[in-house]
Amino acid sequence: MHIWVRMLLTPVPTLNSDHPMLNLFRLCALIPLVLASAASGAETRLTLTGSSSVGPLAAEIARRYEVAHADVRIDVQTGGSSRGVTDALSGRADIGMASRALKPEEKDLTAVTIALDGITIIIHRDNPVRNLTRDQVIALFTGKTVSWSAVGGPDRPVVVVNKAEGRSTLELFLHHFGLKAEQIKASVVIGDNAQGIKTVAGNPDAIGYVSMGAAQTDADAGVPVRLVSLDGLAPTVAAVGDRTWPISRPLNLVIKGEPNGHAAGFIALARSAQVNDLILDLALVPPPR
Amino acid sequence: MSRRPADAFLRVASITSVALAGLILVAVVGVIVAGALPGLRTFGPWGFLGSAIWHPSSGQVGALAMVVGTIGVTGLALLIAVPLGGLTGLASGWLLPRGLAGLLRLVVMLASGLPSIVVGLWGLTAVVPILAQWHPPGASLLAAGLVLAMMTVPTVALIVDSALRTIDQQQRQATAALGLSSWGALAAVGLPTLRGGLLTGGVLATTRALGETMAVLLVAGNVVQVPGSIFDPVRTLTAGIALEMAYATGDHRAALFVLGLIALMVVMALLLTLRWLVRDDGTGAGYV
Amino acid sequence: MSDQAWRWRDRCLSGAVLIGTCVLLGAFLWLVVDLLITAWPRLTWSFLAEIPRRSGRSGGISSILVSTALILLVCWSVVLPLGLGAAVALSSSQHRWTQWVRTSLDVLSGIPSIVLGMFGMLVFGDLMGLGFSIASGGLTLACMILPLVIRVADAALRTVPKGLIANASALGLSRTTTLLHLILPAAMPGLAAAFALGTARALAETAALVFTAGASDRMPSSLADPGRTLSVHIYELAMNVAGGDASAAASAIVLLILLILIQAGGSALLGRISGTAG
């Protein structure tokens, strides 16, 4: 906090009025002032803001970094990928987090990929379909195929679950299948992966696409979703790791200019193989090193 | 007017408080307007108010469908919440004996403290699948209305309850002496207070419903369209902002700020209409 | 109406109340049972005592509880004096513009929480230099619940019979004495409702806090540190951490228990202040 704020917060009106309510009044004014003046010590602070998909991983890496370096405190905040990019550019954050590649107009920043997140198509576990070809996927999502019977399932109407505009998962999905956003005929639009998984899990006729790691973790825990093979290729974390799975998004740390001091140290740790266990624990994929 | 210093202090403190509250309102509105101006300049007001098609990445920023969605979801929620809340408030504030009334009040207070994420997730995993079986896709205006009702019934109930509890005990005893049942007593002494409580509760429930984001986002379906029935998915203004804010840049982001401004205008319009329809009649019933 | 007709009316109305209350209770119970089932593996005593590990999927929520308490403290220390003061001013004022003030407060309470979060971030975080901190979050939360508290408290104060106030001034009591010793105790049920509603609303808030108090799950050492409240923790676990559902549900159960404790403690305290029970 600024020095002048701390100086302003010096108490102390007395608490010896006869009126209990007046005392309560003054006490309420007093507490935050007293507590606020007990400000934190003089350690270095590193702030990361941005994508909530990168946040949990960054926070775990930060914790490991702090164990080795006692004089630094790293705070990880969320707010979305665009926030991460803006904050990194403006300097409000030391390092930004983005769950997408940098756009051409963001050329003042460099991106460091610390993990990969595969994108898979999911359907309800009770749906007997196991594999979809590229054309089938396009037909299902653009509304040309309206019944599951056309792709080997029961004769029930398809419920398409699509991601909201601007999201990197949507962009990558569209890019891979050569589609434009307006072409998708969505029955339901969702935001986060967890919402997508829960929506599909609650509807036997639904089809959607989400983070592979999240879907696999939930499926293993008993949530009724199934990951669908694409053109015969099985959706596994290993396939993403050796780059045979075609759709995945990068989880990036973005920095302006050259990082120095603890920022550089943190990034070095995040890039190294020492954090592979943290990455795998969050059902993500270590990037090629 | 007393000349005692305590009274003067009280007067100053009270007026300062109101002034500060007013200042906050002006500041918030100012920030929203300032944030929305670039968007308005890029797309023009008719871009937002004249169309129902929302594809900001290709320049279409029609917000009409979302305005309809917001009003529809809130309206449905109120239709359920005000009667249910009123009945519950009547139970705990007028009819039940003290022990049971306190217990009911506690449960209602707990229900009002449920974070919207909790209610939303319950709606997504428990309510939407049932609706999906009945009428796909399940995530719809109806689902959002039900979930919002769940969140606002406690507000109405608690306010009706506290309104009824302020009615003078002597008056109630008098009605009992006259041989009136609880309902008779209500008709005799409680109706203005009940009406006032329902109105205040209804207003606060409306504002809560209009500002609610997370729960609605999870269960409303979020398809930008004017709904043909309550089983159709809709998107509200607030859910629209929350869905896309995390990834929006440039013009897209500016457009979302304008959505925030429109949301604020919807709130103001609804409240001003309500205020005009129900002018305080000064009987001192105490509410509205 | 005949005697029979009265009784028929009474039974119908009582039946309606019974159905209405049961619908609410039933829905609430359904939700809580669902929560308990999901939360079961994580409901242990150590959940309350340990700090979160593995992004909250292991360990506990001790740091979250501390942050929540601090944010609530900051929030109420602003809202209690301001809210009560404004309610007193409104309820005792006869001006024409008080209706408009009430309407403005309603508008303020209808502002979406995500917008208030951005406002808080700009004003408290940037302008006042508090950054991502518990102080910033508490102040933003105060802006959020202030209109609600003022409205409910104002309505409660206005239910006090005018005769009581008239008697007091006839006896020559000062306005302050009348307020403190007559009006406030008489309006206690409504004021208690204002406190209950305000706290519940504050605890339920998520979006506004993510932008101001931050999402850091560590133990805060002062009000200048960022911190997560229970509701933000639930949100993060449910939405962004794979396999976080059980911990999220367990945190929600803890939140409910917290609300019970606050309600019980609050009404006991208010009972002692006003000299009445509950």
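**Stop 1: confidence in chain A**

Colour chain A by pLDDT. Its mean is 84, and 85% of its residues reach 70 or more. Now select residues 6-18 of chain A. Here pLDDT stays under 50, and the model has 16 contacts beyond four places in sequence for this stretch. Select residues 36-41 of chain A next. The pLDDT is below 50 there too, with 14 contacts beyond near neighbours in sequence. Where pLDDT is low, the predicted coordinates should not be read in detail.

**Stop 2: a covered helix in chain A**

Select helix α4 of chain A, residues 81-90. Is it enclosed or open? Of its 10 residues, 7 are buried, so α4(A) is largely enclosed by the rest of the structure. Show A:S81, A:S82, A:R83, A:G84, A:V85, A:D87 and A:A88; these are the buried ones. Then bring up the cover. From chain A it includes β1 (44-50), β3 (95-98), β4 (109-124), α6 (168-177) and β11 (248-256). Step past the end of the helix to A:G91. Its phi is positive, near 95°.

**Stop 3: a buried strand in chain A**

Move to strand β6 of chain A, residues 159-163. How many of its residues are buried? The count is 5 of 5.

Strand β8(A), residues 206-211, pairs with β6(A) in the parallel sense over 2 bridges. Find A:V159 and look across to its bridge partner in β8(A), A:A206. Strand β7(A), residues 188-190, also runs parallel to β6(A), joined by 3 bridges. There, A:N162 stands opposite A:V189.

**Stop 4**

Most residues other than glycine have a negative phi, and most peptide bonds are trans.

- Select A:R243, in the loop between α9 (237-241) and β11 of chain A. Its phi is positive, about 65°, although it is not a glycine. With 11 other C-beta atoms within 10 Å, A:R243 is exposed.
- Select A:A283, in the segment after α11 (276-281) of chain A. Its phi is near 65°, again positive in a residue other than glycine. A:A283 has 21 C-beta neighbours inside 10 Å, so it counts as buried.

**Stop 4: chain B against chain A**

Show chains A and B together. The contact involves 27 residues of chain B and 24 residues of chain A. On the chain B side, α5 (116-134), α9 (214-219), α10 (237-245) and α11 each supply at least two residues. The largest share, 5 residues, comes from α5(B). Colour this side by class: 17 residues are nonpolar, 8 polar and 2 charged.

B:P137 sits in the loop between α5 and α6 of chain B.

**Stop 5: chain C against chain B**

The contact takes 76 residues from chain C and 76 residues from chain B. On the chain C side, helix α1, residues 3-39, gives the largest share, 15 residues. By class, this side has 51 nonpolar, 17 polar and 8 charged residues.

**Stop 6: the domains of chain C**

Colour chain C by its domain assignment: domain 1 (3-42) and domain 2 (45-277). Their centres, taken over C-alpha atoms, are 28 Å apart. The contact takes 6 residues from domain 1 and 8 residues from domain 2. The domain 1 side divides into 4 nonpolar, 1 polar and 1 charged.

**Stop 7: the largest nonpolar core**

Finish with all three chains shown. Which residues touch the most other members of the largest nonpolar core? Select A:L57, B:A143, B:V147, B:V219, B:A220 and C:C75, out of 277 residues in this core. Helix α6 of chain B, residues 141-165, supplies the largest share, 18 residues. Both domains of chain C contribute at least three residues each. Last, centre on C:C75. Beyond four places in sequence, C:C75 is in contact with C:G138, C:L141, C:A142, C:I145 and C:A202.

Conventions. Residues numbered from 1 in each chain as written. Chains lettered and ligands numbered in written order. Predicted model: local features only at pLDDT ≥ 70, side-chain atom pairs only at ≥ 80, totals over all residues. Core = buried A, V, L, I, M, F, W, Y, C linked by C-beta atoms within 7 Å. Buried ≥ 20, exposed ≤ 12 C-beta atoms within 10 Å, placed from the backbone. Helix = DSSP H or I, 4+ residues; strand = E, 2+ residues; numbered from the N terminus. Domains from an automatic or database assignment. Contact = placed C-beta atoms within 7 Å. Pairing = 2+ DSSP bridges. pLDDT = per-residue confidence, 0-100. Nonpolar A, V, L, I, M, F, W, Y, C, P; charged D, E, K, R; others polar.
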